Amino acid sequence: MKYVSEFRSPEVVDALLKEIRETVKGNWNIMEVCGGQTHSLVKNGILNMLPSNVQMVHGPGCPVCVTPVNLIDKAVHLAMDHNVILCSYGDMIRVPGSGMSLLEAKSKGADVRILYSPLEAVKIAKENPDREVVFFAVGFETTAPANALSVIHAFKEGVKNYSILTSHVLVPPAMEAIMSDAACKVDAFLGAGHVCAIMGIGEYYPIVEKYKIPIVVTGFEPVDLLEGILMTVKQLEKGEYKLENQYTRVVETGGNKNAVKTIDEIFEVTDREWRGIGEIPRSGYGVKEQYSAYDAVRKFKIDIAESHEDLTCLSGDVMKGKIKPDQCPNFGTKCTPVQPLGAPMVSSEGACAAYYNFHMATVLEGIGH
Amino acid sequence: MNLFCPIPKLDFDTINLGHGSGGTLTSQLLEAGVFQLLENELLNKKHDGAIFNLDGKVAMSTDTYVVSPIFFEGGNIGDLAINGTVNDLAMCGASAKYLSLGFVLEEGLKMTEFWDILVSIKTACEAAGVQIVTGDTKVVERGKGDKIFVNTTGIGTVHPKADIDAANIKAGDKIILSGPLARHGITIVSHRQGLQFETTVSSDTRPLNKIVLELLDEFGEHIHFLRDPTRGGLATVLNEIAAEAKLGVDISQKDIPVEDEVYGACEMLGFDPLYVANEGLFVAIVDAAVAGAFLKKLQQWEHGSMASIVGEVTKDHPRQVIMKSNIGGRRVVNMLPGEQLPRIC
């Protein structure tokens, strides 16, 4: 397939691996920020192909994983107690809340629907004028334009029974939070390519300068990842720290201006709580005041009890790169995709799920199987 | 509407509760519809059950079909229900002979849709060489079903040379896939709400009994195991095989056939083709000594041009399926914790 098969070429992969092996001298911890990158690394078996002194550390870039448990409780509350049609991306519905997941709510009779696009939810709202329709708008900068566009569509078409329950989070503040943790052992970042396709790469220069750390904006295919790792290793070996862009076929320096304009129309930057990590200042999007009629939290005046986390879940340490998923004592025993303690074991971008489902080390050690 | 078998004149254009009452309307629906269309010597007796003889070892299988939507590219719930049970018997090394047919109809189902499904059932029965010999029709209130659910139970005689048993699987056996993956699942998903996208992919629903019997004629007990990777796809079947045989399974991604368009749709939707449902496909575990000849024969079948040896059984990593990725890395292929896509068949 054009633009895909070239980036999965075994010959190119071999050449890149050879060059990485020839270049690397020191021991380096490289964090891939995005969960999509984590899954590609594991599914393609790349973690086992890299030299042992290049360790990949898995970052917090899994939107489902960092969505606060309180917001899942709110979604469940809306679906169960307000009789709304609760629409969501598929990943969210199995994530445990403090009481139940959306999937359990659905089995108890709530109208929970899995969609691929929030614009579909606006359509459902138009088809069901007597019902309230709420879209569970989670994600990083990547899904924000589509979610914002759904509000713009609803506003322009006078659809009043549509709103979004939003939990948007932003990548650069999360990277700063990781770097400012005293226990941080990350030597370089692979930046999240698709986030930069929207936002551009400008936001990362200050992080490079402040923490003197290489950042290479990287794609998701095997060749992308290995090229990104090679570029990073070259900088580390030379003692350099620069912002570089490996994913030039998708990421323009200035990002996608139309998408950013759409985000800015609906959202403003706010403080956000990250599940497993805690509150990070100015790290997310909230709906602007003039569109508050489309913000489900304000629209339904949701008032639910404080939510509580399962404290045995170490997903925060996994997402900050302090431990690898299989170093968690609950991994594969008390916590599996069928009975997850935390979101990273559920999401298709979660590091724990990637290790449980695909990682060779898990099998060889017989954990959880 | 089907031009070859025009719908008979009926008093109603939709199914109503009376059609399941057992009274006049039921009788009208059956006489004008089911009995006339699917007629054969055993069904014509209209008895409570069918009475017949079968020689030798017999296999029996049942399945219920709840696919949504009920019509899709390449088929509908009717031929799916026939082929599905015929194929389950074929995987036992048996040739399906007689089928039962049960309907749960929802009040409001259009008579034209029901008729088109019946005609597909007739065509599928003819193609597979099976007869419907007994059946049942129930109607539930609007909102208590979803248009139509179908159950079929099949019975057939086992091929004299067949010895299909997970206990026969041994290390070194080759794993052969009869064609490209994921067509049925992608066809269904392309119709679902919120997922509409243009595609020319069609379901691979088809009977497998004839090709399986021909393969059994030639390779007999060298065929150690057969299974059709329907719900849960190839990954699930291989995991079941590894667990039942208490052996490991090694597969190679580059040898697993997937058509370009199906592959593109999987990429777009975030599906792994290994987990997507198939309908007219089977996995054969065969003795390595006959694998080449088996593959050659399979590739001569009209639907077998993409058949491929995708891997082999190993003593290493018992109960685990390991895949060598296209780029040479290795990864585990696990069972899915839940449904990737509900109501696929």
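Colleague: What's the angle between helix α1 and α11 of chain A, and how far apart are their axes?
Modeller: In this predicted model, helix α1 (residues 10–23) of chain A packs against α11(A) at an angle of about 15°, and their axes are 10 Å apart. That angle makes α1(A) roughly parallel to α11(A).

Colleague: Is that crossing left-handed or right-handed?
Modeller: The α1(A) and α11(A) crossing is left-handed.

Colleague: Which residues in α1(A) and α11(A) meet there?
Modeller: From α1(A) you have Val12(A), Val13(A), Leu16(A), Leu17(A), Glu19(A), Ile20(A) and Thr23(A). In α11(A) they meet Pro222(A), Val223(A), Leu226(A), Glu227(A), Ile229(A), Leu230(A), Val233(A), Lys234(A) and Glu237(A). By class, the contact of α1(A) with α11(A) has 11 nonpolar, 1 polar and 4 charged residues.

Colleague: OK, and the other pair, α6 and α7 of chain A: what's the angle there?
Modeller: Helix α6 (residues 118–127) of chain A and helix α7 (residues 144–156) of chain A pack at about 25°, with 8 Å between their axes. So α6(A) is roughly parallel to α7(A). The crossing of α6(A) and α7(A) is right-handed.

Colleague: Which residues make that contact?
Modeller: On the α6(A) side they are Pro118(A), Leu119(A), Ala121(A), Val122(A) and Ala125(A). The α7(A) side brings Ala146(A), Asn147(A), Leu149(A), Ser150(A), His153(A) and Ala154(A). The contact of α6(A) with α7(A) counts 8 nonpolar and 3 polar residues, with no charged ones.

Colleague: While we're in chain A, where does Tyr241(A) lie?
Modeller: Tyr241(A) is in the loop between α11 (222–238) and β9 (243–245) of chain A. Leaving out residues up to four places away in sequence, Tyr241(A) touches Val208(A), Lys212(A), Ile213(A), Pro214(A) and Gln235(A).

Colleague: Why does Tyr241(A) count as partly exposed?
Modeller: Because Tyr241(A) has 17 other C-beta atoms within 10 Å, and buried needs 20 or more while exposed means 12 or fewer.

Colleague: Switching to chain B. Which domains does the assignment give?
Modeller: The domain assignment has domain 1 (20–158) and domain 2 (166–332) in chain B. Their C-alpha centres lie 27 Å apart. In the contact, 19 residues of domain 1 of chain B meet 20 residues of domain 2 of chain B.

Colleague: What gives the most to the domain 1 side?
Modeller: That's α3(B), with 7 residues on the side of domain 1 of chain B that touches domain 2 of chain B. By class, that side of domain 1 divides into 10 nonpolar, 7 polar and 2 charged residues.

Colleague: And between the chains, how many residues are in contact?
Modeller: 20 residues of chain B are in contact with 28 residues of chain A. On the chain B side, α8 (260–269) and β13 (330–332) are the elements that give two or more residues. The largest share, 4 residues, comes from α8(B). The side of chain B that touches chain A has 5 nonpolar, 11 polar and 4 charged residues.

Colleague: Back inside chain B: is Phe282(B) buried or exposed?
Modeller: Phe282(B) counts as buried, because there are 23 C-beta neighbours inside 10 Å. Phe282(B) lies in the loop between α8 and β10 (283–286) of chain B. Its contacts, not counting residues up to four places away in sequence, are Met91(B), Ser178(B), Leu208(B), Leu226(B), Arg227(B) and Asp228(B).

Colleague: Now the backbone. Which residues does the cis peptide bond in chain B join?
Modeller: Ser68(B) and Pro69(B), with omega at about 0°. Pro69(B) is in the loop between β1 (58–65) and β2 (71–72) of chain B.

Terms used
Residues numbered from 1 in each chain as written. Chains lettered and ligands numbered in written order. Predicted model: local features only at pLDDT ≥ 70, side-chain atom pairs only at ≥ 80, totals over all residues. Axes fitted to C-alpha atoms, helices over the stretch in contact; angles between N-to-C directions. Parallel < 35°, antiparallel > 145°, perpendicular 65-115°, else oblique. Left-handed = near helix turned anticlockwise from the far one by under 90°. Contact = placed C-beta atoms within 7 Å. Nonpolar A, V, L, I, M, F, W, Y, C, P; charged D, E, K, R; others polar. Domains from an automatic or database assignment.
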